[in-house]
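Hi everyone, thanks for coming.

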Amino acid sequence: MDSMEKIVSLCKRRGFIFPSSEIYGGLNGCWDYGPLGVELKRNVKQVWWDDMVAHHDETASMPGAPATFGMVGLDSSLLMNPKVWEASGHVGGFSDPMVDDRETRARYRADQLAIYRVELVAPDGAIESYDEMLFAAPGEVGKTDVAELFEPHRKRIASLQKSRGGREARPVAVPNALQDEALRAKVLAPGASTPGTLTAPRAFNLMFKTHVGALEDNSSVTYLRPETAQGIFVNFKNVCDTARVRVPFGIGQIGKAFRNEINPRNFTFRSREFEQMEIEFFCRASDSAEWYRYWRERRYQWYLALGIKAENLHLREHDADELAHYAAGCADVEYDFPFGRSELEGIANRTDFDLRQHSQMSGKDLRYFDDQETNEEARRFLPHVIEPSAGADRGTLAFLCDAYAEDEVGGEARTVLKLHPRLAPIKAAVFPLVKKDGMPEKALEIYRALKKRFNVYYDEKGAIGRRYRRQDEAGTPFCITVDGDTLTAGSVTVRERDSCAQTRVGVKELGDVLSERLGA
Ligand code: ATP
């Protein structure tokens with residue numbers, strides 16, 4: 001099993017993540033979080049909310065960042081006036097070009113189907129390319145596994161090499177091959193038996209359409225929101241008028257978003273229903289470059305502070321040709337998932353594009369009014385926006401992948417989730433060493449006292465070593481064991497998940513010790 005399969009299997013086995021409506025065969029791109037998964041994902045969202053919104057300390061700006069600032073929250077509706085999506089550009093432009101394979105009936109996003117041609121390299125370095133040998137591999141150019149790429153074509157390539165005198169063969173990417181009818185006709189699709197089975201790329205709007213009210217005609221069409229951000233923009237004036245915020249300030253929102261992804265895959269990474277954690281940060285145009293850098297760094301550091309290993313986390317600045325036409329900068333926080341390096345979060349400098357669009361479409365003046373500004377011209381302006389946009393499901397998956405480890409304890413193999421204590425679904429488990437001598441009663445008493453403060457778990461079944469390992473797999477940072485000494489000396493052992501080190505702690509101090517060690 002590769003490591004992704006192991007993680008998916010652990011998620012199923014331990015109740016982190018299940019396929020949606022599984023007893024009916026599931027629904028592609030939709031997932032359900034089980035008892036452990038829901039705690040983990042809620043913690044991801046709660047920690048984000050606490051760090052970015054509720055407990056954000058405006059005096060704790062990073063060195064070099066401009067003035068202090070406030071952060072407030074919002075919870076806007078999933079269904080909105082369809083004009084929102086016209087103004088945002090989603091109705092006209094939120095589409096991915098899609099390609100179908102007529103033979104295998106597989107569907108791909110055109111930008112995620114890399115097309116290669118075979119080149120033969122002669123001993124003297126001369127290159128011959130063969131368009132009869134175009135083939136497609138799932139994945140973006142540069143992100144496909146080139147060694148595996150040749151596998152399905154080995155026979156054809158071997159005979160070609162033979163006829164050309166045993167030259168070296170290599171795959172070379174052919175950009176935009178699917179747009180070219182003649183080239184497309186020669187492409188062998190993944191799993192297809194003959195070339196030319198792929199259709200031309202077609203635009204495919206990713207928004208789920210639905211109808212509001214009893215009439216199912218064009219006048220009642222609206223969409224399930226494909227992002228939470230627009231709910232923030234359309235409430236910008238409401239928040240300014242009510243929350244006593246002053247630019248620069250940010251509005252954060254966590255909520256469901258829906259996209260009819262052409263090719264949902266990689267477990268929860270690309271789902272059709274998912275949750276976003278988004279901030280729209282409003283500032284003056286002249287400060288926007290500095291705030292952009294600030295948020296890029298702050299969001300990157302957030303993952304590191306929650307235990308993601310630095311070698312697996314990357315901040316990638318987009319090239320100018322990758323930027324949306326209105327954007328002044330964009331960077332992705334990327335994580336090395338077992339299936340490859342992929343986007344966890346995007347941080348974009350969106351200029352005043354969104355507020356301008358909504359001002360025009362709604363006819364409402366969305367300019368900010370700065371009553372403390374004396375310069376008349378600078379008093380009213382459309383703020384510029386920095387948008388850190390994260391996925392709660394992608395974040396949860398990254399935390400799971402990063403925490404997953406297999407090691408050995410006392411000569412026995414174990415699987416452990418080394419989750420940060422703030423994220424761990426269960427904070428501590430309480431065990432009686434044996435099921436007699438008053439130990440279960442004492443352990444239950446401790447469990448009940450702790451349960452008022454933390455999400456703790458009680459388990460008395462099976463050998464103590466097995467109980468430890470069950471908790472290691474669930475990511476529980478501490479196991480508390482009641483033994484003979486508990487009844488006489490009033491102390492328990494506290495075993496730490498990652499090091500397996502055990503210390504004795506007085507029952508009376510237990511709550512505070514846990515609180516300190518959990519960082520709660
Ligand atoms: P991608 O290029 O992977 O489709 P995107 O650039 O379209 O992503 P954004 O529109 O910037 O994504 O959305 C912001 C965040 O929302 C992403 O960084 C990701 O964490 C999350 N997200 C977007 N689409 C999905 C999805 N289909 N499933 C899960 N999370 C998603």
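**A buried pair, and what surrounds the ligand**

Let's start with Arg350 and Glu387, which are both buried; buried here means under 20% relative accessible area, exposed means over 50%, and partly exposed is in between, with a 1.4 Å probe and protein chains only. Before I go on, a word on the model: it is predicted, so local features need pLDDT of at least 70 and side-chain atom pairs count only at pLDDT 80 or more, while totals for chains, interfaces and linings use all residues. Residues are numbered from 1 along each chain as its sequence is written, and side-chain values use heavy atoms, with hydrogens and water left out.

Back to our pair. Arg350 and Glu387 form a salt bridge, with their closest N and O atoms 3.8 Å apart. By salt bridge I mean a side-chain nitrogen of Lys or Arg within 4 Å of a carboxyl oxygen of Asp or Glu. Arg350 sits in strand β17 and Glu387 in strand β20, so this pair ties together parts that are 37 residues apart in sequence. Helices and strands, by the way, are DSSP runs numbered from the N terminus: H or I with at least four residues for helices, E with at least two for strands.

There is also a network: Arg246, Arg284, Asp370, Asp371 and Glu373 are joined by salt bridges that share partners. How many salt bridges does a search of the whole structure find? The count is 42.

Here's another one of them. Glu473 and Arg13 meet through their side chains, 2.9 Å from N to O. Glu473 belongs to helix α15 (residues 464–474) and Arg13 to helix α1 (residues 3–13), so the pair ties together parts 460 residues apart in sequence.

Asp100 is buried, with a relative accessible area of 13%, and Arg107 is partly exposed, with 35%.

Now, the ligand. It is surrounded by 17 residues, and the closest are Glu261, Arg270, Ser271, Glu343 and Leu344; a residue counts as near if one of its heavy atoms lies within 4 Å. Which strand gives the largest share of that shell? That's β17, with four residues. Strands β14 (273–283), β17 (340–351) and β20 (384–391) each supply at least two. By class, the shell has seven charged, six polar and four nonpolar residues.

What about individual atoms? A polar side-chain atom of Arg270 is 2.7 Å from a ligand oxygen, and an N or O atom in the Arg259 side chain is 2.9 Å from an oxygen atom of the ligand. Ser271 uses its backbone: a polar atom there is 2.8 Å from a ligand nitrogen. Taken alone, the ligand exposes 590 Å², and the protein buries 81% of that.

One last stop: Leu433, in the loop between β23 (428–432) and α14 (439–451). Leu433 is partly exposed, with a relative accessible area of 35%. Leaving out residues up to four places away in sequence, Leu433 touches Met439, Ile464, Arg467, Thr481, Val482 and Asp483, where contact means heavy atoms within 4.5 Å. From Leu433 to Glu460 is 27 residues in sequence and 7.8 Å in space, C-alpha to C-alpha.

Note on methods:
A polar contact is a pair of N or O atoms within 3.5 Å; within protein, one must be able to donate a hydrogen and the other to accept it, and residues adjacent in sequence count only if both atoms are side-chain atoms. Accessible areas come from the Shrake-Rupley method with a 1.4 Å probe; for residues, only the protein chains shown count as cover. Ala, Val, Leu, Ile, Met, Phe, Trp, Tyr, Cys and Pro count as nonpolar, Asp, Glu, Lys and Arg as charged, and the others, Gly among them, as polar.
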